[in-house]
Structure formats: C-alpha cells, structure tokens
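Please walk me through this structure, one part at a time.

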Amino acid sequence: MSALGDIYSVFWVDLRNMRRHWKATIATSLVLPLLYLVAFGYGLGRGVNVGDLDYLSFVIPGIVGLTAFSTSFNGAASKLHVDKFFYKSFDELLMSPVRSHSIIIGKSLIGVVRGFISAIAIYLVGLILAPTLLFSPIFFLMLLLSCFVFSLFGVLIALVVHTHHGMGNFTTLVILPMTFLCGTFFSLDQLPAVAKAVLYFLPLTHSANLLRATVLGLSFPWLSFAGLLIFGVVFFIGCMVSLKRSSV
Amino acid sequence: MQDYIYTENLCKNYGSVTAINNLNLNVRAGEIFGFLGPNGAGKTTTIRVLTTLTRPTSGYVSVGGYDIHDEIDKVKKVIGVVQQHLSLDRDLTVRENMEFHARIQHLSSSKRKQRITELLEYVELTEYADKMIDTLSGGMKKKASIVCSLLHEPKLLFLDEPTVGLDAQARRRLWDLVRRLNKDGTTIFLTTHYIEEAEVLCDRVGIMHHGQLIVVDEPANLREKVGSIVVETLVDNKDTHYQFFANREVATNYVKNLPSEVKTVIIRESNLEDVFIEQTGEKVGDP
C-alpha cells in the first residue's frame, strides 16, 4: 500500500473517534481563545494602537495563532498519549507493516484538523469584530502549515514523555507560557534584544508573524516562513528518532 | 518440520541488565507452544523481540521463516499479536476496531468486509459488532482482540496471557477457540501464568528463568523427567516441601519413613506446576 494510504489508515481511526465527539471537542477548544478575544481584544485593548494598527486587528491573528498552536498540539499529543498509555493501541501500529513516517504524519493529522477548525472559528469571530482583516488564501495556507508543525510537536512530546504527569507539566511549563509570549498579545519589538532573540527560537513566534502578515496584508515574513518549516523538519526528525529509539 | 520461530544465542541487554541470555528457542509450524516463567524471567522481552517491538542486542532470530533483522516487513505480515492488556480503541465499536486493524494490515476494501464478516461469525460476535468495546464482557473483549489480530490470516499467533482476568467459563470458551484456530492451521505461541492452561492446550512447553530457556519438552515428558509422583509435606504449617518419585510405590515407602513431626502429607501425580517449581525454585506468579 502507498504511504498516503497508510497515512489515511492511521488518521482514519482518530477521525472516526473525533466524529463521535466533535461538538464537545470543538466547543472546548474555543472557550479559552474566545475569552482572550473578549478580555484582551475587545476589553483591555479598546482604543490602544500597536504601531499603525488598532490593537484588535493586531491581536486577532495572534489569538488565531495560539488557538492553532494549543489545539493542534493538544489534539495530536493527547490522542497519541491515550493510545500509548491507556488504550495500549499504539503498539498495534508499531507491530503492523505501516512505516514510521506514515505513523507520524497519520497521528499528527487529527491535530491539524482540530487546530484548523478551531482557528478558523476564531478567525470568523475576529472578522465580525475587526472587518479590516483580509480573507486571503495564503493566510489559510500558513494556518494549515502552522497546525501541521504544532501537531508534529504534539506527536513528538507524546512519544518522548512517558507519564501523565509529565504531559501535564510540559503543557503548564512550556505550552502555556508560549501562548502568551510569542508575539500573540504584544509586539516583540517592545522587548529587549535578548528576549526577542530567545522568542525567535519558538515556533509560535513565527506562526504569529506569518498569520498577522497574511491577514493584515503586510509584507510576507520569509524568515518566519523558513523558521516554521525548519521547526517542522526538526519535529519530524525528532519523532523518527524517538520511534527508532523506542524499539532499542 | 519448519520452525516458525527460531532463535540462536539471542541476547537482549538493557544497559548492564541482561533480560535475555543466549536464548535458543524453536517453535514448530502447527504447534501450540507454551512459554512459561516467573515474573522477570525475560518472557515479555522475548515476546517484544519476536513481535518486532524491540530489537535484540545480538543473536539470530527468524519468525515465520523470515530474518527479523533484514525482513522485518515480511515478519509483520505473518504474525498476529494479542497483547496481555486490552489494546483496542475503547472509543470505537468492535467493527471499527477490526476495520482499523484490517486497514493497517493493507487489506483491500472488499477483503476487509469479507474477513470482518467471517471472523465475527467465527467467534460468535456478529450481534455485538456495532457495540462499543467498553460495553462488552471481559471474554468478549478478549475475543475482539483475537479477531483483530487474525484479519490478515497470520501463520503465527502470539497470545500473551490470553485468559488473565477471565472467569472459568470464559477461559474454557477461549481455550476452545485457541484449539480451533490451531486446528485450522495457525501456529500458536502462548504465555500464561495458569499452569492448567499450558497443560491442556500446549503441545510443547518451554520454561524460562533468568533470561534463559531451562527446559523445553511435551508436558507429559516434563512431568516424567521430574518424577510422576510427588509427595507434599508440611511441618508446623510452615513451608511446603516437595519430593518427586518415579512411581507410587517408591513414594509410599518414602512417606512411611517420614519423621513423626510431619503432620500433613499429600501423595499425588505431578503436574506442570511441579515441573516449574522444581526447575525454577519459584511458584508460578511469584514476584
């Protein structure tokens, strides 16, 4: 069977699962971003400007990015974590003829779907609040790329973290700070050079740059595009190495 | 007869810990092979190596006639594995789990439909096909696990503790299923803590201890080797002592000469558990 067929087979079971719980899955992933949107965008940020932009237009792409980030990461990581440690069904995949690269991509796709749907929902709400936002195909492409990279990140963490507590700790110590710090709610230009440099080593920073530029019609940030692609490749290689090491 | 499992000096180390120590094992095509051993003997690691989940440190392994190192894809196509713990997706139905397993085993759409229908009938689960896994009884869940592992018609089926947690009736029904599968041509490699299970099901039994296979033979031969008759003695309700004899006459003479402080004496035919204790110095299931 082709790699595409294998990827779909791996994805099929997660999709089937999601179809059974799709309302709750989507609804729960929207609560926090909508609260951010109301509190920071519509509440605190009213009348504030970031450069030439009003704060609402600035913050909406950031919140779309963090929604894509957290939902894609959690969507891919939590399902794989459950498969590995609770259902023990991940071993079935490892014992099957499906190749490692198909397993990794297949397991990431549920995160892509969940992240993309949630982020689009936030974007549509954002369109109502800030009609200046653009409806551009390149924005959707960048959103899709972001969701894929964040899902691969989720798969990687689910592969290398071996306890339920470990997953919780990682989310609290790494994922949550990233959602606030990576240029989602404020411009990185306000930060000292060192802090700015550190934040450019995080994938959400590049995603937020790309989404903001494409939805507001700013010049395309090629550096962030390359940065996000590099993160994707690094996460994918990390997943391959982790799968290989798990059989040692 | 062809060996469906063949290992030569198989070793597996985790750092300085040796889990498998020069294991030489052969499982013949068509047999039910019982793999016994106390906890920590290396059974699970051996199964992980044989089912491609763990790579050996050294030694040669072939499964289904294929080298596990060079022909891993072929090995994966000829084995079916039923893990000790339920490994089905509990958010899906029996049919959906089967569909998933058939897909990852590369069965075509028409073949998937045909095999799922056939196997559901084979294990009498047709009326439960669209039930969620968590609504099934323990025995049915185990049957569902087994049919998921049979979709691609494996030559060799690994059953890791297949009846653990099942009631006596469900266990016996599962034994019948294992016998039927074997009769229909599937070679079976089984681990169990239930000695009775190994005794009634297995053509041959191997006992593993400290990473090595210490004996392999037919259950009757193993019993004969340790002694057909066993005398159990208990002094002051402390440890039970076992003494093995070739026949009942010698055993009776031994009992007659026992000191008077021995209050409890049982003379009986030996079983596989006695073989196990004699060979490993441990009872089955001892930590």
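In this predicted model, helices H5(A) and H6(A) cross in a right-handed sense. H5 of chain A covers residues 137-160 and H6 of chain A covers residues 164-181; their axes come within 11 Å and cross at roughly 135 degrees. On the H5(A) side the contact is made by Phe153(A), Ile157(A) and Ala158(A), and on the H6(A) side by Met167(A), Phe170(A) and Ile175(A). By class, the residues where H5(A) meets H6(A) are six nonpolar, no polar and no charged.

Helix H3 of chain B (residues 94-104) and helix H5 of chain B (residues 138-150) have axes that come within 8 Å and cross at roughly 25 degrees. Angles under 35 degrees count as roughly parallel, so H3(B) and H5(B) are roughly parallel to each other. The crossing of H3(B) with H5(B) is right-handed. From H3(B), the residues Val94(B), Asn97(B), Met98(B) and His101(B) meet Ala144(B), Val147(B) and Cys148(B) of H5(B). The contact of H3(B) with H5(B) divides into five nonpolar, two polar and no charged residues.

H3(B) also packs against a helix of the other chain. Helix H1 of chain A, residues 3-44, meets H3(B) at an angle of about 160 degrees, and the two axes are 9 Å apart. Because angles over 145 degrees count as roughly antiparallel, H1(A) is roughly antiparallel to H3(B). H1(A) passes H3(B) in a right-handed crossing. H1(A) contributes Tyr8(A), Ser9(A), Val10(A), Trp12(A), Val13(A), Arg16(A) and Arg20(A), while H3(B) contributes Glu96(B), Glu99(B), Phe100(B), Arg103(B) and Ile104(B). Sorted by class, the contact of H1(A) with H3(B) has six nonpolar, one polar and five charged residues. Two residues of this contact, Glu96(B) and Arg16(A), form a salt bridge, with 2.8 Å between the closest N and O atoms.

What does the whole interface of the two chains look like in numbers? The contact takes 30 residues from chain A and 31 residues from chain B. Between chain A and chain B about 2900 Å² is buried, and carbon and sulfur atoms give 53% of that area. On the chain A side, Tyr87(A), Met95(A) and Pro97(A) supply 25% of the area that chain A buries against chain B, more than any other three residues.

Salt bridges complete the picture. Over all chains the count comes to 23, and four salt bridges are found across the interface of chain A and chain B. Another salt bridge joins Asp89(B) to Lys79(A), the closest N and O atoms being 3.2 Å apart. This pair crosses between chains: Asp89(B) is in the loop between strand S6 (79-82) and H3 of chain B, and Lys79(A) is in helix H2 (residues 55-85) of chain A.

Technical notes. Residues are numbered from 1 along each chain as its sequence is written. Chains are lettered from A and ligands numbered from 1 in the order in which they are written. This is a predicted model: local features need pLDDT of at least 70, side-chain atom pairs count only at pLDDT 80 or more; totals for chains, interfaces and linings use all residues. Side-chain values use heavy atoms; hydrogens and water are left out. Axes are lines fitted to C-alpha atoms, for helices over the stretch in contact, and angles run from 0 to 180 degrees between N-to-C directions. Helices (H or I, at least four residues) and strands (E, at least two) are DSSP runs, numbered from the N terminus. Angles under 35 degrees count as roughly parallel, over 145 as roughly antiparallel, 65 to 115 as roughly perpendicular and the rest as oblique. A crossing is left-handed if the near helix is turned anticlockwise from the far one by less than a right angle, and right-handed if clockwise. Contact means heavy atoms within 4.5 Å. Ala, Val, Leu, Ile, Met, Phe, Trp, Tyr, Cys and Pro count as nonpolar, Asp, Glu, Lys and Arg as charged, and the others, Gly among them, as polar. Buried area is the accessible area (1.4 Å probe) that two parts lose on being put together, summed over both. A salt bridge is a side-chain nitrogen of Lys or Arg within 4 Å of a carboxyl oxygen of Asp or Glu.
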